[in-house]
Amino acid sequence: MITIDFTLFPVGPGHRVLDLGCGGGRHAFEVYRRGADVVAFDQNAEDLAAVSAMFAAMRAEGEAPAEATAETVRGDALAMPFDDNTFDRVIAAEIMEHIPHDTTAMAEMYRVLRPGGIAVVTVPSWFPERICWALSEEYHTVEGGHIRIYTRAELEAKLKATGFIIGPHHHAHALHSPYWWLKCAVGTTNDSHPLVRAYHNLLVWDMLKAPRITRVTERLLNPLIGKSVVVYLRKPRNDGDTG
């Protein structure tokens, strides 16, 4: 499910976009469909192989404009193999909570984004995440798990200190928060538990059908229990650009 509001993060033909920590590639695929040139970047070779295969399938099926390009690059978010001012847009969705040196990753984002370019950062929201941590030690101590919980103020302060101009924000995926609370309560790997299985089926149904009742419910609940907070940023065009 897409976390980003593309009215606040416009992408299209002529934009070069970096999906930093792309994971399964859901945002990279949407950017490609919209006609931008996308680079899906991650450390995980298996994830990148799957993303590359999907890019190829999308090209074969004509799901993206013929002039758009899509590629995968493996590397470290703390030292990316790109020149300064390379990208028009940067996406960093649900990765900062995993990185010990998050401010270094933010500085790399800033470096590779061109002046005037737009970035978007998403992290787990403070309140739903606190409940997950309280319910399950395993949730945040497992290898590759979340090592910190951000308040929005803390996240924005770090991004502002990096040099970014802070823009709008919103919350997303309120219906996903109870699912993770259930998983934390019964065991994060216990996917066969009846309650977890039933709620997962509900989420799949919602993603496929997008019925009005769940869309309205989630929109109302997002400010309260949205699983993710989404912050939009801009790199200053020049030294005097303060937003």
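Me: What is a helix axis here, and where do the axes of α4 and α7 come within 8 Å of each other, at roughly what angle?
Reply: An axis is a line fitted to C-alpha atoms, for helices over the stretch in contact. In this predicted model, helix α4 covers residues 126–135 and helix α7 covers residues 176–186. Their axes come within 8 Å and cross at roughly 10°.

Me: Is α4 roughly parallel or roughly antiparallel to α7?
Reply: Angles under 35 degrees count as roughly parallel. The axes of α4 and α7 cross at roughly 10°. Therefore α4 is, relative to α7, roughly parallel.

Me: How many nonpolar, polar and charged residues does the contact of α4 with α7 have?
Reply: On the α4 side are Pro128, Ile131, Cys132 and Leu135. They meet Ser177, Trp180, Trp181, Cys184 and Ala185 of α7. Sorted by class, the contact has 8 nonpolar, 1 polar and no charged residues.

Me: At what angle do helix α1 and helix α2 pack, and what does that make α1 relative to α2?
Reply: Helix α1 spans residues 26–33 and helix α2 spans residues 45–61, with axes 11 Å apart. The packing angle is about 25°. Angles under 35 degrees count as roughly parallel, so α1 is, relative to α2, roughly parallel.

Me: Is the crossing of α1 past α2 left-handed or right-handed, and which residues make the contact?
Reply: The crossing of α1 past α2 is right-handed. From α2, the contact uses Val51, Met54, Phe55, Met58 and Arg59. From α1, the residues are Ala28, Phe29, Tyr32 and Arg33.

Me: How many charged residues does the contact of α1 with α2 have?
Reply: This contact has 7 nonpolar residues and no polar ones. The number of charged residues is 2.

Me: Which way do β2 and β3 run, and what is the handedness of the crossover between them?
Reply: Strand β2 (residues 37–42) is joined to strand β3 (residues 70–74) by 5 bridges, and the two run parallel. Asp42 stands opposite Arg74 in β3. The chain goes from β2 through α2 to β3, a β-α-β crossover that is right-handed.

Me: Where is Glu94, and what is its phi?
Reply: Glu94 lies in the loop between β4 (87–93) and α3 (102–112). Its phi is positive, in a residue other than glycine. The value is near 60°.

Me: Where is His173, and what is its phi?
Reply: His173 sits in the loop between β6 (165–172) and α7. Phi of His173 is positive, and the residue is other than glycine. The value is near 65°.

Notes
Residues are numbered from 1 along each chain as its sequence is written. This is a predicted model: local features need pLDDT of at least 70, side-chain atom pairs count only at pLDDT 80 or more; totals for chains, interfaces and linings use all residues. Side-chain values use heavy atoms; hydrogens and water are left out. Axes are lines fitted to C-alpha atoms, for helices over the stretch in contact, and angles run from 0 to 180 degrees between N-to-C directions. Helices (H or I, at least four residues) and strands (E, at least two) are DSSP runs, numbered from the N terminus. Angles under 35 degrees count as roughly parallel, over 145 as roughly antiparallel, 65 to 115 as roughly perpendicular and the rest as oblique. A crossing is left-handed if the near helix is turned anticlockwise from the far one by less than a right angle, and right-handed if clockwise. Contact means heavy atoms within 4.5 Å. Ala, Val, Leu, Ile, Met, Phe, Trp, Tyr, Cys and Pro count as nonpolar, Asp, Glu, Lys and Arg as charged, and the others, Gly among them, as polar. Two strands pair if DSSP finds at least two bridges between them. A crossover is right-handed if, with the strands pointing away from the viewer, the path from the first strand over the helix to the second runs clockwise.
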